[in-house]
Amino acid sequence: MRIYHVSEESDITVFHPRLPDRLDLDPEKGLVWAINEKCLPNFLTPRNCPRVCYHIGVDTTEQDKQDYLTSASCGHVVVIESKWFETMKNTKLYLYEFEIQGFTLQDQNAGYFTSETTQYPIAKFEIANLYEELFKRNVELRVVDSLWNIYDEIQKTTLNWSMCRMQFAQPRK
């Protein structure tokens, strides 16, 4: 299994644990975060780009596949707002790969791994074209005016889903 940290910063040589701002985690325990390769597409956007992501899971029904996927070859969808299209086109990302040892699974559905110790990447990859990278990974990209309809709908499905940076989304209408 391969795990990565995704960043817009090109020169990170060491990852020190940071205190989390999530309310469901111990606010006094610093963590280094990584993502597995299956869920990596959820992070192939600019950092603050709000997005709704979903993919087929072991419990996903045929009906949900028919209702929320448009192609049999793409079992993963990333939905962004149209106002982020140009920013995404002009953003370069760096994938820092880690050894899996020293990390523990934090969230199976989201593909999150964490470490409580300082970590050093074993490799770095540059992604200059985020659209091309998503398509190469058989990910469907959807561009919408507002994320809120899909945000509300997808939570009622059997798909594995993730919502990121929604505080930066256009306001609900």
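Me: What makes you say that strand β3 and β4 pair?

Reply: Two strands count as paired once there are at least two bridges between them. This is a predicted model, and in it β3 (residues 51-55) and β4 are joined by five bridges, in the antiparallel sense. So the pair meets the requirement of at least two. To find one of the contacts on screen, go to R51, whose bridge partner in β4 is I80.

Me: And β4 with β9, what makes that a pair?

Reply: The rule of at least two bridges applies again, and here there are six, between β4 (residues 76-81) and β9. These two run parallel. V78 is a handy place to look, with L141 as its bridge partner in β9.

Me: How do you know that β3 and β10 pair?

Reply: Five bridges link β3 and β10, in the antiparallel sense, and at least two would do. C53 has S162 in β10 as its bridge partner.

Me: What makes β3 largely enclosed by the rest of the structure?

Reply: A residue is buried when its relative accessible area is under 20%. Five of the five residues of β3 pass that test, so the strand is largely enclosed. Both faces are covered, with R51, C53 and H55 buried on one side and V52 and Y54 buried on the other.

Me: How do you know that β4 is largely enclosed?

Reply: Six of the six residues of β4 are buried, so the strand is called largely enclosed too. H76, V78 and I80 point one way, V77, V79 and E81 point the other way, and all are buried.

Me: What makes S7 count as buried?

Reply: The cut-off is under 20%, and S7 has a relative accessibility of 10%, so it is buried. S7 belongs to strand β1, and its side chain reaches the backbone nitrogen of E9 at 2.9 Å.

Me: Why is S71 called partly exposed?

Reply: Exposed needs over 50% and buried needs under 20%. S71 has a relative accessible area of 28%, so it falls in between. You'll find S71 in the loop between α1 (62-68) and β4.

Me: What makes S71 and S73 a polar contact?

Reply: The limit for such a contact is 3.5 Å, and the side chains of S71 and S73 are joined at 2.9 Å.

Me: How do you know that β1 and β2 are joined, and how do they run?

Reply: Two bridges join β1 to β2, and at least two are needed, so the pair qualifies. The strands run antiparallel, and Y4 stands opposite I35 in β2.

Me: Which order do the strands of the six-strand sheet have, and which pairing?

Reply: This open sheet goes β6-β7-β2-β1-β5-β8, with antiparallel pairing. β6 (104-107) and β8 (123-127) have a single partner strand each, so these two stand at the edges, with one side left without a neighbour in the sheet. Here the twist averages 40° from one strand to the next.

Me: What makes a residue part of the lining of the largest pocket, and which are the closest to its centre?

Reply: A lining residue must have an atom within 4 Å of a pocket point. The largest pocket has a volume of about 1,400 Å³. Its lining holds 36 residues, and W33, F43, R47, Y112 and R165 are the closest to the centre. β1 (3-7), β2 (32-36) and β10 (160-164) are the elements that give two or more residues to this lining.

Me: How do the residues of that lining divide?

Reply: There are 20 nonpolar, seven polar and nine charged residues in the lining of the largest pocket.

Notes:
Residues numbered from 1 in each chain as written. Predicted model: local features only at pLDDT ≥ 70, side-chain atom pairs only at ≥ 80, totals over all residues. Heavy atoms only, no water. 1 Å grid on protein atoms, 1.4 Å probe; cavity = no way out; pocket = protein on both sides within 12 Å on 5 of 7 lines; lining within 4 Å. Points joined across faces, edges and corners; volume = space filled by probe spheres on them. Helix = DSSP H or I, 4+ residues; strand = E, 2+ residues; numbered from the N terminus. Nonpolar A, V, L, I, M, F, W, Y, C, P; charged D, E, K, R; others polar. Buried < 20%, exposed > 50% of the residue type's maximum accessible area, 1.4 Å probe, protein only. Polar contact = N/O pair within 3.5 Å; in protein donor to acceptor, adjacent residues only side chain to side chain. Axes fitted to C-alpha atoms, helices over the stretch in contact; angles between N-to-C directions.
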